[in-house]
Amino acid sequence: MSDSLSTSHSPLPSAQPPLSRFRAPRRLFSTLEGVFNEEVFFLILSVFIGIFSGLAVVCFRLAIDWTHLALLGPLPETHSWRLFAVPALAGLVVAALVIHVFPTIRGSGVNQTKAALFIFNGFIPFRTAIGKFICSGIAIGSGQSLGPEDPSLQIGAGIASALGRQLEISREKLRLMAPVGAAAGLAAAFNAPISAVLFVIEEVIGRWSAGILGSVVLSAVSSVVIVRWFLGSEPLFRIPVTTFKRPTELIAYAVLGIVGGLASVAFAKSIGYLRPRLKALPRWTQYFQPAVAGLLIGLIAFLGAPQIMGAGYDSMDQAMHGQYAWKMLAILAVLKIVATTLSFVSGAPGGMFAPTLFIGAMLGGAVGDIERFYFPHLTGSTGTYVLVGMGVLFAGFLRAPMTSVFMVLEVSGNYEIIVPVIVANTFSYLISRSLQDVPIFDLLTRQDGLILPSLEEDRDEAILRVEDAMLPVPNTILSAEEYVDANARRVQDSTEANFLVRMHPTGWNIVSRDQLQRLFLEGKGEHTLGSLLPPQFLPSLYPDLPLDSALRFVNDYPLIPVVNRANSRKLEGVVSRDSVFKRYESDRTPVGG
Amino acid sequence: MSWSFPKLIPRSAPVILLVLTLAAVTGFAAVSHLVARYNANQQSRGRKLYQRGLADSAANRYDDAIDVFRAALTCDPTNSQYQLSLARALRDSNDPRRLDEAESYLIALWQRAPQDAAVNLALARVAAHRGSIEDATRYYHNAMYGVWNTDPDANRSKARIELIQFLLKKGASDKAESELIALATALPPTPAAHLQTAQLFAQAQDYAGELSQYEEVLRLDPSSSAALAGAGQAAYNSGNYTSARGYLQAAVNANKEDEASNQLLATNELILRNDPFVGHISDVERNRRIAAAFAQAETRLDECGQQKGIDFNTAATPTASPLIALQSLWTEAKPDLTRLRSPAETDLPDAIMDVVFQIEQQTAATCGQPKGVDLALLLISQKREAANR
């Protein structure tokens, strides 16, 4: 995985001509071309990706709003036939479009972007972006219980990928275009650039890489600027006064974290159980699955819970301001899990970010209200618990703990609740991890027959270091300042074939028993050993370096000194080809976990 | 089916950037146009919904109004008027859970325009719903000194009156009186304004202030029977029975059917006829009034005792009822009546009347509010106590 992220030299031959082969038609441009090396050009391109993604997401949001207004009307209506007729009929349309026109839009945008990064060399068909736009717009606008963030992420990634291909940039950069666009799309959808950057790093790229961080940040920021320009800088929610006064109240938030963790597991398991079973049904049923899901969701809405339809941001806002009693909050949380599971497993395109936040918000409000009923001295408002609840589900269900914390902070603009958020999210994340081995995104990719790397697995993987393969300091260390005959006498009693030579004033070299014997026989015994050795020093390693770094040298040198970082003349041990390979053999684990 | 773009863009970095810039500008312009059209449609839809919400609010259908205002806000999320109306509907729906949301909307509006008097007034009303005197007073003051789009003077007066009513309801009479004094100095010269202010003074039990407001009304409209009756009542309540007689008599003359003023005038007359402490009567008359009051007190005590089933002749201990102790007191004081004429006994009238006042007050507490002369004596006692304080 790390190689594929390298921004310097690709081991693979490039299929397209790199940007450095630009033909300059005019003198002015040829002068300017000197300024734009590929790195600089990629950064500038990131800004454009952000702009285009931002524009696309603005249109996407308008499309969802327009569809909703056209199909369901401006007012929330309960007990109206439209509530179940519209999502059912829209489900039929969406299914037909997905099966016949946009077959690549099935599944999670996050995973498709990851697949583009790690498998398809950054390739995301532009048709996928268009398909996501149209089908998600219809599905979400008609009331399917899905959110616009994941499609926005994929629309951004699709635009970036198409632009990269159009510009014929190098494969290295093309591979990175998808996450850059994904960050832009997600940032625009959430109106939260920091969370988007963190999410893309946590879930798409899988590790911190300085080479791409700048581009991701630039694209995210520029897309948010565009969205705010057109749609205003109003946050997703009107944040009420949130308070955290006594440290003992953290227990209440820890309880919320535990409940949220259990709910996350239930949510993830229900999707994980139902999705492959519905996919395994005969193909003709796929025409009706989104329609049936829409019908059932509409029925729930018809029976008195229209809040579960669509992304549900308005209802979250109302929950944040204490508009629902705890029973209603708990019911909405359960119904949203059911509705989102139905929508997602039916193959209706759309994301799970907003539903996750919805479930967390309702659960947080319900748990908070119950806790405050039994412990009236708790000072946290319903709004505080709702906000913390959002982060809890994000951490437990999407398994993005860092993003979950920053998302709550960025959405609320209030750092006073950072400690409750961290505590609750940690409990939720740990509960979710202990009860559900595979994170939801990994589970979905595995169900689709792909194995993609994840940061969570990387974190768990123990990194082998040089010290793990290190042999003890050899008994015989030669000195470059001593004469050859003196050194030859010292090695007489040794059984080793190669000897490290300590150079003056610093550095290491190596000499074999045969070489030393030959020098002695050639009559060079009165020369210092250092004067006869080749001028290139032996490379040395530090004990804490990854063992991978030793691989570059073990074939060239029989012994490699491992030295102290503070004093390079102090030998900590040595590594050899055998010692390194033996260590890798003893640590062998199957690919894919 | 495979879709692919034709290779449109030249392979020179500056040209690429130029083309991308042009594409971005074009996209920006296109989306601007789209958003403008969408916003125009939404705003039009929002206005219709807003009118519907106002109608629902006016008809006290707050649940419907809230839904409609919410829908209007989804059409035009930054519209201050919609937010304000939604906040008002949330506040007025009599659901305590909705106050938080109302406040949230209003705080957001207030942060954008802290000088907006309408927003401050709405926030003050939310604080008043919560019963927070401090917050309500602050926001009402902000509303009074804030910017009103129409009729600022009248709106400021209304805001202050609302604050006074809230303070009176919360029992904060001192603060209410301060506001009343400020209100009285800036009233428009209309009888209605002074009448309303007089009633507020009455609620604050500031009868002098009340009287001055009625006098102001009478200056503007000398024939106002309401002002005459109010002034009479205010003077009566403040213990100024001579002035009260004049106002009440005029009120009765102006409106023969004003039964309340008529009754008050009768009681007022009894007070004036029975009060031994008024300055313009002779010693003989004063002694006569004291003796009459003393006799009236005995009658009242006996009646009250009978009402409560107490036989003063057979009662065992004074601790059995305060009335028995008073009866003993009255019996002890009775011989003093004969010494009233003595010029040396300067404290005796007060001492005898103290017994009378104690009896009237205790019997009022035990047997209920008296009528006629007893009521007059009770009121005289209260006036006397107030004067001593």
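User: Which residues of chain B have pLDDT under 50?

Analyst: First, the scale: pLDDT is the predictor's confidence in each residue, from 0 to 100. Where pLDDT is low, the predicted coordinates should not be read in detail. In chain B, residues 1-6 stay under 50. The model gives that stretch five contacts beyond four places in sequence. A contact means two C-beta atoms, placed from the backbone, within 7 Å. This is a predicted model: local features need pLDDT of at least 70, side-chain atom pairs count only at pLDDT 80 or more, and totals for chains, interfaces and linings use all residues. Residues are numbered from 1 along each chain as its sequence is written, while chains are lettered from A and ligands numbered from 1 in the order in which they are written.

User: How many helices and strands does chain B have?

Analyst: Elements are DSSP runs numbered from the N terminus: helices are H or I, at least four residues, and strands are E, at least two. Chain B has 17 helices and zero strands.

User: What share of chain B is buried?

Analyst: Count the other C-beta atoms within 10 Å of a residue's own, with C-beta atoms placed from the backbone: 20 or more is buried, 12 or fewer is exposed, in between is partly exposed. By that rule, 38% of the 389 residues of chain B are buried. Now take contacts in chain B between residues at least 6 apart in sequence: 49% of them join residues at least 24 apart.

User: Where is Glu177(B), and what does it touch?

Analyst: Glu177(B) sits in helix 8 (residues 173-185) of chain B. It counts as partly exposed because it has 19 C-beta neighbours inside 10 Å. Leaving out residues up to four places away in sequence, Glu177(B) touches Ala204(B) and Asp206(B). Glu177(B) and Gln205(B) are 28 residues apart in sequence, and 9.1 Å apart from C-alpha to C-alpha.

User: Which residues have the most contacts inside the largest nonpolar core?

Analyst: In soluble globular proteins, nonpolar side chains tend to be buried together. A nonpolar core is a set of buried Ala, Val, Leu, Ile, Met, Phe, Trp, Tyr and Cys residues joined through C-beta atoms within 7 Å. The largest one has 159 residues, and Ala183(A) and Val200(A) have the most contacts inside it. Helix 3 (residues 38-72) of chain A gives the most to this core, 16 residues. Another core, of 91 residues, lies apart from it and includes Leu106(B), Leu123(B), Leu211(B) and Leu301(B).

User: What is the phi of Asn121(A), and of Asn94(B)?

Analyst: Most residues other than glycine have a negative phi, and most peptide bonds are trans. Asn121(A) has a positive phi, near 50°. It lies in the loop between helix 5 (109-118) and helix 6 (126-141) of chain A. Asn94(B) also has a positive phi, about 60°. Its place is the loop between helix 3 (80-92) and helix 4 (96-112) of chain B. Asn94(B) is exposed, because 10 other C-beta atoms lie within 10 Å.

User: Is the peptide bond from His504(A) to Pro505(A) cis or trans?

Analyst: That bond is cis, with omega near 0°. Pro505(A) lies in the loop between strand 2 (498-502) and strand 3 (508-512) of chain A.
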